[in-house]
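This briefing is for a reader who is new to the structure.

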Amino acid sequence: MWMKKKALANELTGPQKFFAGLVLLIIFIIMAVPMWNAFVVSTSSLLSSTQSGIKIWWDDFSLEGYGYVFKVTKLFRPFLNSFFVTTVGVIIQVILSAFAGYVLIQKDLPFKGAITSFVMLTMMIPGDLTLISVYQMNKQLHLLNSYMGLIINGLISGFSILLMRNYFTSVSYSLAESARIDGASELRIFANIYLPISKPGLATVFFMEYVSKWNSIMLPATLITDQDKYTLPLMLKAMIMQDTSTSGTAYAPQNAIMAAIIISMAPLLLIYIFAQQYLLAGMSLGAIKE
Amino acid sequence: MKATKVYKRIKRYRFIYLMLLPVVAYFLVFSYYPLALGIFNSFRQVKILGGSKFIGLENYHNIIKNPLYLRALSNSIIVGAGTFALQFLWGLTIAILLNEIKSKIVKSAIQTATFIPYLLSWAVVGGLWITILSPTGMINGFLKIIQGDSFRPIVFMSEPAFAREIMIFTGAWKGAGYYAALFLAAIVTIDQNIYEAASIDGASRWKQIIHITIPNIASTMKVVALLAAMGVLRNFDQIFMMANSSILDKVQNLLYLIYNDGIIQFKIGPATAAATLVLLATMIISFTVRRLLRYDDSYRD
């Protein structure tokens with residue numbers, strides 16, 4: 001009897017286990033069913049998507065929602081826009097963050113303290129609160145309604161620089177010192193010693209920032225009014241708002257909205273499937289930092 | 001003598017400074033300059049066709065007296081605090097219960113389903129829930145089954161009575177998996193010997209959760225609370241995507257109002273003054289929360 005009780009203490013009792021399982025099941029349903037519903041509606045015919053029902057299984061499978069999205073909404077253009085500005089921006093960001101992160105690990109670099117505070121302080125300036133000045137400045141620089149504007153605003157973050165610095169500090173500094181004594185150039189030390197060891201750091205910055213740039217709403221909403229330059233979130237907003245307006249002119253059907261949602265999710269799902277360890281690593285670092 | 005030494009060191013690092021140059025230039029132009037310009041303009045009456053003038057604190061005065069801004073402030077706080085409370089409980093529940101699950105497949109299925117909404121943009125999450133809450137959406141479909149013949153579809157998104165609740169629920173739905181992942185990461189680092197010692201002393205598993213697991217992730221809870229406090233006045237994406245004219249009164253928050261005033265209506269002076277106030281308020285809130293939680297103390301040891 002005593003033995004049994006001791007063994008039991010490693011886990012919950014029977015009824016507690018049942019209750020825990022039930023709570024998790026309910027949470028799972030609340031989280032997963034809406035996403036599943038989006039998938040089912042996106043692959044249903046217009047008729048079945050406009051009828052009321054729970055719609056967690058197909059009663060009339062059809063890809064016409066996707067057809068609508070590409071023919072009528074012309075979602076391919078915003079998709080390419082998002083893909084282009086996100087990819088280019090993230091690649092530049094990874095390179096520049098690696099550069100700046102490398103600077104921050106130099107021992108006895110003159111003005112290093114000032115440089116570090118200069119970078120850290122930018123994390124205290126929230127971009128969303130300087131939005132109006134950002135808009136004015138982009139107007140002066142003729143960056144409104146341009147891909148250049150979408151790429152360059154929010155290009156670098158103090159966070160990505162600190163993340164790279166943290167990875168670089170795990171490389172032994174004496175390794176770099178001895179290479180320096182052997183006459184290796186700074187570029188060689190950086191490219192041949194630091195970068196190869198810090199690949200996980202580069203990947204973490206890449207995927208974290210890919211997600212955040214892909215999802216960016218406020219900046220494009222501020223900079224872009226030309227429909228040809230719309231990114232995916234702006235197009236989604238336009239589709240949804242038409243739907244809730246009462247004017248009734250050319251509103252997007254629900255299967256098309258859900259199709260656009262599934263298309264917007266796709267790259268993020270791919271990143272989650274293939275690179276979740278980097279996302280989790282970056283996320284916990286972000287939480288520790290501030 | 002000393003000056004030449006410093007110069008020598010600077011010369012030695014000239015390549016390093018070159019690497020830093022683009023980042024410094026970027027931050028000066030896209031971070032520091034907009035901040036300075038914003039503060040500068042908040043004291044001015046800015047006219048679109050030029051000819052702006054210094055008007056002292058008038059913009060600030062107008063913002064503080066403006067009932068729209070006061071309402072937006074209370075909307076921000078109500079929705080922000082509600083979302084945080086729900087998301088915190090939700091995330092903590094997921095993390096603690098998942099830790100009790102032995103099956104790897106069940107565990108990763110639940111983790112995936114809870115984490116994916118966190119990765120999605122508000123464009124996606126907003127669009128998803130607007131569709132689900134629409135008259136022909138899933139929720140009304142569910143009500144139809146329960147209510148049978150007496151069913152009348154509810155237009156949830158145009159119902160002011162549900163507006164804040166919807167924002168709080170969808171906010172927590174999107175973020176719960178993030179908190180759960182942070183809590184779970186803290187839980188797995190707890191020393192297993194503590195649990196073993198407790199079970200030898202006869203403590204039940206439930207008691208172990210209350211007295212070992214939860215106290216041991218207190219510092220993560222503090223981080224999460226601080227992050228939430230710093231973001232509470234800065235929610236934009238959700239309201240931008242999900243608000244509409246029939247519920248705007250209940251959910252219009254500070255950043256959305258600033259955006260509308262500054263970007264859409266070109267009231268640059270008042271909008272930058274409001275943004276500066278939000279920046280100050282955010283700093284005060286995060287400072288206060290740090291103190292209340294004794295945040296810095298927990299990292300001293």
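A:Glu177 is partly exposed because its relative accessible area is 32%, where partly exposed covers the range between buried (under 20%) and exposed (over 50%), found with a 1.4 Å probe on protein chains only. A:Glu177 forms a salt bridge with A:Arg180, with 2.9 Å between the closest N and O atoms; a salt bridge is a side-chain nitrogen of Lys or Arg within 4 Å of a carboxyl oxygen of Asp or Glu. The model is predicted, so local features need pLDDT of at least 70 and side-chain atom pairs count only at pLDDT 80 or more, whereas totals for chains, interfaces and linings use all residues; side-chain values use heavy atoms, with hydrogens and water left out. Residues are numbered from 1 along each chain as its sequence is written, and chains are lettered from A and ligands numbered from 1 in the order in which they are written.

- An α-helix has 3.6 residues a turn, so residues three or four places apart point the same way.
- A:Arg180 counts as buried because its relative accessibility is 16%.
- A second salt bridge joins the side chains of A:Arg180 and A:Glu186 (2.6 Å, N to O).
- Through shared partners, salt bridges link A:Glu177, A:Arg180 and A:Glu186 into one network.
- A:Glu186 has a relative accessible area of 13% and is therefore buried.

**A salt bridge between chains**

- Over all chains, the structure holds six salt bridges.
- One of them pairs B:Arg234 with A:Asp128, whose closest N and O atoms are 3.0 Å apart.
- This pair crosses between chains: B:Arg234 is in the loop between α11 (218-231) and α12 (237-242) of chain B, and A:Asp128 is in the loop between α6 (112-122) and α7 (131-140) of chain A.
- B:Arg234 counts as partly exposed because its relative accessibility is 28%.
- A:Asp128 is buried, since its relative accessible area is 15%.

**Two further residues of chain A**

- A:Ser198 is found in the loop between α11 (186-197) and α12 (199-214) of chain A, and it counts as buried because its relative accessibility is 0%.
- A polar atom of the A:Ser198 side chain lies 2.9 Å from the backbone oxygen of A:Tyr194.
- Apart from neighbours within four places in sequence, A:Ser198 is in contact (heavy atoms within 4.5 Å) with A:Met164, A:Tyr167, A:Phe168 and A:Val171.
- A:Lys112 lies in helix α6 of chain A and counts as partly exposed because its relative accessibility is 27%.

**Helix α8 of chain B**

- Helix α8 of chain B (residues 160-187) has 28 residues and reaches 40 Å from its first C-alpha to its last.
- α8(B) bends by about 40 degrees at B:Gly175, the bend being the angle between axes fitted to the seven residues ending there and the seven starting there.
- Of the 28 residues of α8(B), 22 are buried.

**Confidence in chain B**

- The average pLDDT of chain B is 90, and 97% of the residues score at least 70; pLDDT is the predictor's confidence in each residue, from 0 to 100.

Terms used
Helices (H or I, at least four residues) and strands (E, at least two) are DSSP runs, numbered from the N terminus. A polar contact is a pair of N or O atoms within 3.5 Å; within protein, one must be able to donate a hydrogen and the other to accept it, and residues adjacent in sequence count only if both atoms are side-chain atoms. The expected span of a helix is 1.5 Å times one less than its number of residues.
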